[in-house]
Amino acid sequence: MRGNCRELLGAEDCWPFLSPVSRKEISDYHDIVTNPMDFGTIRDHLGLGLYDSVGEFLAHVRLVFFNCDAYNQPTSDVGIAGRKLESLFIRYLREKLARASYKPVFDCADGKERSGGGKVRRRQPKKTSN
């Protein structure tokens, strides 16, 4: 599992997910995302041996992507980064952990959320005045 996390942490599109979202920087994030997760926290959990199974690790990884989808617009820089990173993670899982069960948040082929996913209260983009 540590290799999975190192691979994600080194990816180009990981930049928005390396540490917890600060209330000071993004004040409404915690109004929409009620169970935050980031790869820095996942890395810390791995280092402390807090995951009892691969499934617990995969649930936290999925939560990062679910939160990304819940808060960010699909065409935003962070939304695009989340989709690319989940796609990379899925490829890595197929190569290294073929038996691991992981239900993707994003349909990596076309960027749409898979059917059967939870209801998402997405943040609305700010309106600009002309």
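1. The largest pocket here comes out at about 300 Å³. For the record, a pocket is an open set of points on a 1 Å grid over the protein atoms alone, with protein on both sides within 12 Å along at least five of seven lines. Of its 19 lining residues, the closest to the centre are Pro16, Ser19, Val21, Ile26 and Tyr29; lining means an atom within 4 Å of a point.

2. Quick caveat: this is a predicted model, with local features needing pLDDT of at least 70 and side-chain atom pairs counting only at pLDDT 80 or more, while totals for chains, interfaces and linings use all residues. Residues are numbered from 1 along each chain as its sequence is written, and side-chain values use heavy atoms, leaving out hydrogens and water.

3. Who lines the pocket? Helix α4 (residues 54–71) gives the most, with four residues. By type, the lining splits into 13 nonpolar, four polar and two charged.

4. Now α4 and its partner. The axes of α3 (residues 39–47) and α4 come within 10 Å and cross at roughly 170°, so the two are roughly antiparallel (angles over 145 degrees). The contact (heavy atoms within 4.5 Å) uses Phe39, Ile42, His45 and Leu46 of α3 with Phe57, His60, Val61, Val64 and Phe65 of α4. That makes seven nonpolar residues, two polar and no charged.

5. Last, Phe106, in the segment after α5 (77–96). Phe106 is buried, at 0% relative accessible area (the cut-off is under 20%, with a 1.4 Å probe and protein chains only). Its C-alpha is 9.9 Å from that of Pro74, 32 residues away along the chain.

Definitions and conventions:
1 Å grid on protein atoms, 1.4 Å probe; cavity = no way out; pocket = protein on both sides within 12 Å on 5 of 7 lines; lining within 4 Å. Points joined across faces, edges and corners; volume = space filled by probe spheres on them. Nonpolar A, V, L, I, M, F, W, Y, C, P; charged D, E, K, R; others polar. Buried < 20%, exposed > 50% of the residue type's maximum accessible area, 1.4 Å probe, protein only. Axes fitted to C-alpha atoms, helices over the stretch in contact; angles between N-to-C directions. Parallel < 35°, antiparallel > 145°, perpendicular 65-115°, else oblique.
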